[in-house]
Structure formats: structure tokens, C-alpha cells
Amino acid sequence: MTVVGTTIRLPSTERVVMSTEPPESTVSPPEGSPEQSPEGSASAPSRRTFIATTAVGGAVVAGGLVAGPSVFGAEPAEAAEAPPGSRVSLTVNGKRHTVTVDNRTSLLDLLREHLNLTGSKKGCNAGACGACTVLVDGRRVNSCLTLAVRLDGAEVTTIEGLAKGERLHPLQQAFIDQDAFQCGYCTSGQIMSGVGCIDEGHTGSPEEIREFMSGNLCRCGCYVKIVRAVEQTAHGK
Ligand code: FES
Ligand code: FES
């Protein structure tokens with residue numbers, strides 16, 4: 001008898017309901033049967049187990065989405081605390097500033113983002129190009145690598161502080177005279193580094209100038225004219 005899903009009468013007058021579900025069986029399904037896992041593993045879940053597990057798992061996930069951390073016993077994440085900050089007082093181009101900054105703030109970001117002095121450029125932000133060079137207490141530094149909070153009481157000079165009114169610093173003028181820039185992105189750093197190089201007395205020869213200006217890169221390749229500008233300023237050439 002092959003009828004399924006209906007009631008039939010057997011000769012013994014017993015009434016039997018034929019289910020559309022296959023009977024539970026201890027006999028393994030035949031090779032290739034959908035009930036058998038691809039690997040034929042005895043531990044592979046049956047279809048019923050899989051559906052039941054999926055249903056429960058889905059309920060947990062849905063509960064997690066609705067009820068949030070209570071499902072897993074975790075507390076809501078604390079609101080992110082404000083990063084630690086410090087007050088720093090420093091003099092920039094002769095003007096005193098007192099600001100509260102995140103302790104991770106670089107001098108470059110302090111200048112550009114807090115004091116609106118954007119002449120110092122951010123090239124690599126990693127100490128490799130020199131575009132951010134400024135003077136701190138007369139010494140040239142990469143401001144992108146210098147923490148602002150360490151400069152309490154320091155004297156900082158940036159490219160904006162070199163000219164005296166309408167009169168350019170001699171090295172600024174020399175850069176114009178020698179046509180020592182093209183795009184100009186590196187130029188403020190080159191000039192600040194050149195001022196430091198001259199003050200340090202490392203201008204004995206073009207080779208020495210190159211050596212002591214080697215931390216300042218120029219993607220436009222103006223090195224020959226930059227060296228001439230430093231020589232002009234140092235020696236009046
Ligand atoms: S931006 Fe500071 S060294 Fe490049
Ligand atoms: S002038 Fe363009 S990077 Fe130096």
C-alpha cells in the first residue's frame with residue numbers, strides 16, 4: 001500500500017494513520033540519502049536536530065537584538081570617557097598661549113588645529129619629510145613628533161613668525177631670489193630648517209648644507225636652489 005497522508009482500512013479493521021513524516025528508524029539511511037551527512041558522520045545533526053537548533057539559536061540571537069546584553073549577562077558598554085587632557089602654556093611667535101589639549105596632541109596639530117597657524121605643513125606625520133619643521137627654543141624639531149604637553153614654557157617659532165612686519169626674513173627672500181620652490185609644500189619646513197642650519201653654523205660648504213638639511217625632503221627636486229638660498233643667507237653670496 002503506497003497511499004500516504006490519508007486513512008485506510010486494513011483487513012483487520014484496524015485504523016492506521018499514515019504520516020507524511022518518515023518513521024523514526026534505527027536503520028541508517030541508504031547511501032546518498034539526504035538524511036545522511038555528506039561525510040556520513042554519525043555525529044552530524046539530523047534535519048530535525050538542525051531545525052530545532054537553528055530555531056533556538058535564532059531565538060537567542062533575536063532576543064539578543066531585542067533584549068540586548070541581558071541575554072548574555074553582559075552590561076552595556078560604558079560611554080567612552082573623554083581622553084585625558086592637560087593645560088599647556090607656551091609662547092608661539094612671541095605670543096603667549098594657554099590651551100587645554102588631549103595629551104596625545106602633537107605640536108603640529110596644536111599649531112594647525114588650535115592656534116590656526118597652518119604655515120607648518122603635515123607631510124608624512126611620521127618624522128620622515130621635515131615639512132612640519134619649527135624651532136623650539138631655537139632648535140629645529142619635527143613638530144609632528146613633538147608632544148605639545150611637553151612644551152610648557154617653551155618658545156616656538158614657526159614660519160609665520162619669521163618676517164618682521166612687511167620685511168621678509170633674509171632666508172625667505174633668498175628662496176624667492178633663488179627660485180627655490182615649485183609647489184611650495186615643503187618650503188616652510190625648508191626655510192625653518194635652513195634658519196636652524198645657519199644658526200648652528202653648518203654652512204661651510206654646499207655638501208655640509210646638504211648634509212644638515214637632509215631631513216627635509218622636496219618632492220619637486222629643488223635641492224640645488226635650496227642650498228643656494230641657504231648659502232646666500234649665510235654668506236651673502
Ligand atoms: S610631517 Fe613631520 S616630518 Fe613629515
Ligand atoms: S617645492 Fe614642492 S615639495 Fe618642495
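Is Asn 93 buried, partly exposed or exposed? Asn 93 is partly exposed, because 17 other C-beta atoms lie within 10 Å; a residue counts as buried with 20 or more other C-beta atoms within 10 Å of its own, as exposed with 12 or fewer, and as partly exposed in between, the C-beta atoms being placed from the backbone.

Before we go further, a word on what you are looking at. This is a predicted model, in which local features need pLDDT of at least 70 and side-chain atom pairs count only at pLDDT 80 or more, while totals for chains, interfaces and linings use all residues. Residues are numbered from 1 along each chain as its sequence is written, and chains are lettered from A and ligands numbered from 1 in the order in which they are written.

Let us start with the overall layout. The chain has 6 helices and 7 strands, where helices (H or I, at least four residues) and strands (E, at least two) are DSSP runs numbered from the N terminus. Their order along the sequence is β-β-α-β-β-α-β-β-β-α-α-α-α. Of the 237 residues, 27% count as buried. Two residues are in contact if their C-beta atoms, placed from the backbone, lie within 7 Å; among contacts between residues at least 6 apart in sequence, 50% join residues at least 24 apart.

Now back to Asn 93, which sits in the loop between β3 (85-92) and β4 (95-102). These strands form a hairpin with 2 residues between them, and Asn 93 takes a positive phi near 55° there. The strands pair in the antiparallel sense over 8 bridges, pairing being counted when DSSP finds at least two bridges between two strands. Within this pairing, Ser 89 has Thr 98 of β4 as its bridge partner. Strand β3 also runs parallel to β7 (residues 155-157), joined by 2 bridges, and here Val 92 is partnered by Val 156.

With 15 other C-beta atoms within 10 Å, Asn 125 is partly exposed.

Next, follow the chain to helix α4 (residues 187-200). Its 14 residues should span 20 Å at 1.5 Å a residue, and the end C-alpha atoms are 19 Å apart, which agrees; the expected span is 1.5 Å times one less than the number of residues. Because 11 of the 14 residues are buried, α4 is largely enclosed by the rest of the structure. Those buried residues, including Ile 191, Met 192 and Val 195, pack against β5 (133-136), β6 (139-142), α3 (170-177), α5 (206-212) and α6 (223-235). After α4 comes Gly 201, with a positive phi near 80°.

Finally, turn to α3 and α6. Two packed helices are described by the angle between their axes and the distance between the axes. The axes of α3 and α6 come within 8 Å and cross at roughly 135°. That makes α3 oblique to α6, since angles under 35 degrees count as roughly parallel, over 145 as roughly antiparallel, 65 to 115 as roughly perpendicular and the rest as oblique. Axes here are lines fitted to C-alpha atoms, for helices over the stretch in contact, with angles from 0 to 180 degrees between N-to-C directions. In this contact, Pro 170, Leu 171, Ala 174, Phe 175 and Asp 177 of α3 meet Ala 229, Gln 232 and Thr 233 of α6. Helix α6 also holds His 235, which counts as exposed because it has 10 C-beta neighbours inside 10 Å.
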